[in-house]
Amino acid sequence: MRLTRYFLPVLKENPSEAQIVSHRLMLRAGMIKQQAAGIYSWLPMGFKVLRRIEQIVHEEQIRAGHIPMLMPTLQPADLWRESGRYDDYGQEMLRVRDRHQRDMLYGPTNEEMITDIFRAHVGSYKDLPLTLYHVQWKFRDEIRPRFGVMRGREFYMKDGYNFDLTKEDALHAYNRHLVSYLRTYERMGLQAIPMRADSGPIGGDDTHEFLVLAETGESEVFYDSAVTDISLGAREIDYDDKAQCQAILEEFTSLYARTDETHDQAVFDAIPEARCRQARGIEVGQIFYFGTKYSEPMGATVQGPDGKPVPVHMGSHGIGVSRLVGAIIEASHDENGIIWPEGVTPFHCGIVNLKQGDAEADAACEKLYKALTSLGLEPLYDDRDERAGAKFATMDLIGLPWRITVGPRGLKNGVVEVTSRRTGDSVEMTPLDAVKKIAEIYAPHHPNLDLHPEPMAGRSFHTWL
Ligand code: ATP
Ligand code: MG
């Protein structure tokens with residue numbers, strides 16, 4: 001993308017309505033525009049990040065064997081009367097009436113609807129296990145929408161639902177979700193710690209929330225600092241392997257980590273004092289096992305192996321896709337702006353032309369742009385006729401992890417400069433090496449780049465040579 005042809009309405013001033021850094025930076029970087037309290041338009045660059053996050057969520061859900069689908073935002077109230085939640089949900093539920101005076105609602109979650117789909121189409125235990133999920137807009141009429149997309153009223157969420165014959169199978173589904181969520185967050189460059197939590201209006205006994213530690217988080221958390229040393233990393237996972245999933249759950253949840261709702265001071269006090277941490281966190285996901293809470297009242301049964309109908313065991317599992325955009329910024333920024341982790345960055349690198357209009361500099365930028373694009377990467381080329389300082393400030397604000405700076409002086413020596421947004425370190429190299437470096441950085445995030453085993457073979461940027 002060339003900046004002169006893009007829509008990136010950055011703000012020079014700090015917006016006064018923003019109380020936390022992620023909200024401020026999302027407004028300043030032209031990612032969102034508020035349309036009503038807790039309701040936002042996603043401007044092109046914000047939309048790109050939202051899509052990248054959604055894509056990772058899909059890839060990891062599909063990898064875990066879960067099946068994508070799409071349910072509507074509006075739901076009939078009658079479904080919620082069956083489970084008893086129409087009255088229980090209270091004022092957070094946005095209720096509307098259609099022209100025939102039928103009660104409808106804008107879905108805050110989808111347990112009832114998915115159970116309705118299940119009971120209409122699944123009749124035998126042989127069709128289990130089954131996990132369906134979707135990524136869809138939700139509405140909760142929050143009493144205090146705030147912090148931008150972190151606590152919106154309309155927000156984008158992945159919600160998945162498992163159906164199993166036995167409690168044991170449903171607990172495997174629970175473990176599978178825990179593991180797939182850990183992978184999902186790690187790919188976004190985040191550490192999200194599973195913490196024992198309270199089940200709230202979803203109900204059930206077993207539940208973990210995933211929390212990103214941040215001063216601005218709304219949850220109070222208590223944990224053993226040793227949990228921050230564990231990560232999934234690159235290990236191979238077989239999601240059908242019950243023992244492996246159980247072992248990973250135990251590895252990640254045996255150390256103390258709880259939200260204030262389930263905090264137990266006596267147990268906490270038994271942890272070596274140097275490892276006791278009380279902090280704040282952002283909830284970016286939650287998983288539940290709730291057994292037959294919905295299947296029983298709604299008649300979601302299957303014919304069991306002995307021919308008798310049995311209610312299925314269920315759980316539900318949510319990831320706050322739109323909240324994650326804010327959470328990632330809270331976890332990754334500095335005084336100059338956002339620092340996107342490579343896994344979610346809206347553009348893979350910036351190209352800054354220090355002297356727009358200089359024939360050589362323009363030509364070198366064009367070549368870099370084409371070479372990166374032909375590899376399947378998306379550079380953002382700042383081709384505005386602006387001072388270098390203004391261009392750097394924009395790049396720092398919008399937070400692309402890598403910047404290639406091109407100027408007449410460097411080109412005389414055959415080099416451009418590659419700068420890391422995170423460390424600020426710059427290295428001079430030939431334009432070809434710069435392209436190679438950027439491509440290699442993104443290879444793990446983009447399996448399609450296909451750089452192995454022979455890096456770059458046959459790619460069109462060899463015309464550089
Ligand atoms: P919270 O405690 O923050 O109100 P919740 O526990 O009610 O959230 P869940 O039903 O667990 O939310 O929804 C799954 C995920 O959706 C949450 O973990 C969170 O990341 C996200 N989410 C929930 N409410 C909002 C909201 N108002 N704005 C943005 N994201 C939200
Ligand atoms: Mg929750």
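Student: How many salt bridges are counted between domain 1 and domain 2?

Tutor: The count between domain 1 and domain 2 is three salt bridges. This is a predicted model: local features need pLDDT of at least 70, side-chain atom pairs count only at pLDDT 80 or more, and totals for chains, interfaces and linings use all residues. Residues are numbered from 1 along each chain as its sequence is written, chains are lettered from A and ligands numbered from 1 in the order in which they are written, and side-chain values use heavy atoms, with hydrogens and water left out.

Student: Why is the pair of Lys 48 and Glu 378 called a salt bridge?

Tutor: A salt bridge needs a side-chain nitrogen of Lys or Arg within 4 Å of a carboxyl oxygen of Asp or Glu. The closest N and O atoms of Lys 48 and Glu 378 are 2.6 Å apart, so the pair qualifies. In general, side chains of opposite charge can pair when their charged atoms come close.

Student: Where do domain 1 and domain 2 run in the chain?

Tutor: Domain 1 covers 11–337 and domain 2 covers 349–464; these bounds come from an automatic or database domain assignment. The C-alpha centres of domain 1 and domain 2 are 37 Å apart. Their contact (heavy atoms within 4.5 Å) takes 10 residues from domain 1 and six residues from domain 2.

Student: What area is buried between domain 1 and domain 2?

Tutor: About 780 Å² is buried between them, and carbon and sulfur atoms give 44% of that. Buried area here is the accessible area (1.4 Å probe) that two parts lose on being put together, summed over both.

Student: Which helix gives the most to the side of domain 1 that touches domain 2?

Tutor: Helix α2 does, with three residues. Helices (H or I, at least four residues) and strands (E, at least two) are DSSP runs, numbered from the N terminus.

Student: What makes Arg 51 partly exposed, and is Glu 54 buried or exposed?

Tutor: Buried means under 20% relative accessible area, exposed over 50%, and partly exposed in between (1.4 Å probe, protein chains only). Arg 51 has 39% relative accessibility, so it counts as partly exposed. Glu 54 has 10%, so it counts as buried. The two form a salt bridge, with their closest N and O atoms 2.5 Å apart. Both lie in helix α2, three residues apart, about one turn of the helix.

Student: Which residues meet Glu 60 in salt bridges?

Tutor: Arg 63 meets Glu 60 at 2.9 Å, N to O, and Arg 187 meets Glu 60 at 2.8 Å, N to O. Arg 187 lies in helix α6 (residues 167–187) and Glu 60 in helix α2, so this pair ties together parts that are 127 residues apart in sequence. Salt bridges that share partners join Glu 59, Glu 60, Arg 63, Arg 183 and Arg 187 into one network.

Student: How do you know whether Glu 60 is buried or exposed?

Tutor: Its relative accessible area is 0%, so Glu 60 is buried. Arg 63, at 43%, counts as partly exposed, and so does Arg 187, at 25%.

Student: Which residues coordinate the magnesium ion (ligand 2)?

Tutor: Glu 283 (OE) and Gln 286 (OE1) coordinate it, at 1.9 to 2.1 Å. Donors are N, O and S atoms within 2.8 Å of the metal (3.2 Å for Na, K and Ca), so these atoms qualify; water is not among the atoms, so sites may look incomplete. Glu 283 is partly exposed, with a relative accessible area of 25%, whereas Gln 286 counts as buried at 10%.

Student: Why is the pair of Thr 207 and Gln 286 called a polar contact?

Tutor: A polar contact is a pair of N or O atoms within 3.5 Å; within protein, one must be able to donate a hydrogen and the other to accept it, and residues adjacent in sequence count only if both atoms are side-chain atoms. The side chains of Thr 207 and Gln 286 make such a contact at 2.9 Å. Thr 207 lies in strand β10 (residues 206–213) and counts as buried at 0%.

Student: What polar contact joins the side chains of Asn 353 and Asp 362?

Tutor: One of 2.8 Å joins them. Asn 353 is in strand β19 (residues 349–353), and at 0% relative accessibility Asn 353 counts as buried.
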